[in-house]
Every structure is written in structure tokens, then in C-alpha cells.
Amino acid sequence: MRRRIKRMESNVRKTRLTPRAVVGYMVNKTGLSKVELSKRLGKSATYINRYTTDGSIPSLNNLEIIAAECGYEIHLVGHDEDILVVSK
């Protein structure tokens, strides 16, 4: 039997995206170019492009690092818990 997950009500917009799409979404929201964001992360100029157009899927660790630089957090929500994913 599936348990129903009790979610906290909020005014936050909920969106479902693939890992690849979420990187592109975050980059667009920052207003930075892919090259600028890559450089801020200390990576090669093509680092972000690899995840948005080349079909590579970021690891959870890399996704969290990119999210943090873009001003986002990654949470796992379920079983009456909200767990913040951190890379360190």
C-alpha cells in the first residue's frame, strides 16, 4: 500500500524538470551565460554546456554545486521529512 506524503502547504511554485532541464532553468534564472557560470565554478568554459546541450547528466553532487551557485537548494521531500542535499 502506498503511503500518502503529507506536504507542507506553501505559496512556492512547484516544477518538475529532468536533471538536464533543471541546469538550463537555473542558468536562465541567474541571467549569467553558461561560460560565466562555468568560470564562477572554476570549471572549463564548456562545463555547463555539457549538462544543458550535450546530453550529460550531472551527478547529485555536481547538481548541488551548480544549484548553490545559482541561488538554489536541492531538497528531498517525503515521509514527513524535508532533507537538504549538501555537497560538503
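This is a short walk through one predicted chain, from its overall layout to a few side-chain pairs.

Ground rules come before the tour. The model is predicted, so I take local features only at pLDDT of at least 70 and side-chain atom pairs only at pLDDT 80 or more, while totals for chains, interfaces and linings use all residues. Residues are numbered from 1 along each chain as its sequence is written, and side-chain values use heavy atoms, with hydrogens and water left out.

Layout. We have four helices and two strands. From the N terminus, the order is α-α-α-α-β-β. Helices (H or I, at least four residues) and strands (E, at least two) are DSSP runs, numbered from the N terminus.

Now the totals. The chain has 88 residues, and 24% of them count as buried. Buried means under 20% relative accessible area, exposed means over 50%, and partly exposed is in between, with a 1.4 Å probe and protein chains only. The accessible surface is about 7000 Å², and carbon and sulfur atoms hold 51% of that. Those areas are Shrake-Rupley values with a 1.4 Å probe; for residues, only the protein chains shown count as cover. Contacts next (heavy atoms within 4.5 Å). Take those with a separation of 6 or more: 44% join residues 24 or more positions apart.

On to the core. The largest nonpolar core has 15 residues. By nonpolar core I mean buried Ala, Val, Leu, Ile, Met, Phe, Trp, Tyr and Cys residues joined through side-chain atoms within 4.5 Å. Which members touch the most others? Val23, Met26, Leu37, Leu41, Tyr47, Ile48 and Ile66 do. Helix H1 (19-30), H3 and helix H4 (60-69) each give two or more residues to this core. Look at Leu41. Beyond its neighbours within four places in sequence, Leu41 contacts Tyr47, Ile48, Ile65, Ile66 and Glu69.

Stay with Tyr47 for a moment. The whole structure holds one aromatic pair. The rings of Tyr47 and Tyr51 have centres 5.3 Å apart and planes at 80 degrees, so the pair is edge-to-face. The cut-offs: ring centres of Phe, Tyr and Trp (its six-membered ring) within 6.5 Å; planes under 30 degrees apart are stacked, over 60 edge-to-face, the rest tilted. Both tyrosines sit in helix H3, four residues apart, about one turn of the helix. Tyr47 and Tyr51 are both buried.

Helix H3 covers residues 47-52 and includes Thr52. Is Thr52 buried or exposed? Thr52 counts as buried because its relative accessibility is 12%. Its side chain makes a polar contact with the side chain of Lys34, at 3.1 Å. That term means N or O atoms within 3.5 Å; within protein, one must be able to donate a hydrogen and the other to accept it, and residues adjacent in sequence count only if both atoms are side-chain atoms. Setting aside residues up to four places away, Thr52 touches Arg20, Val23, Gly24 and Lys34.

Next, charge. A search of the whole structure finds one salt bridge (side-chain nitrogen of Lys or Arg within 4 Å of a carboxyl oxygen of Asp or Glu). Arg40 and Glu69 form it, at 3.9 Å, N to O. The pair links distant parts of the chain: Arg40 is in helix H2 (residues 34-40), Glu69 in helix H4, 29 residues apart. Arg40 is exposed at 53%, while Glu69 is partly exposed at 32%.

Last stop, the loop between strand S1 (74-78) and strand S2 (81-85), where His79 sits. Asp80 is in that loop too. Phi of His79 is near 50 degrees, positive in a residue other than glycine. Phi of Asp80 is near 60 degrees, also positive in a non-glycine residue. His79 is exposed at 56% relative accessible area, and Asp80 is exposed at 61%.
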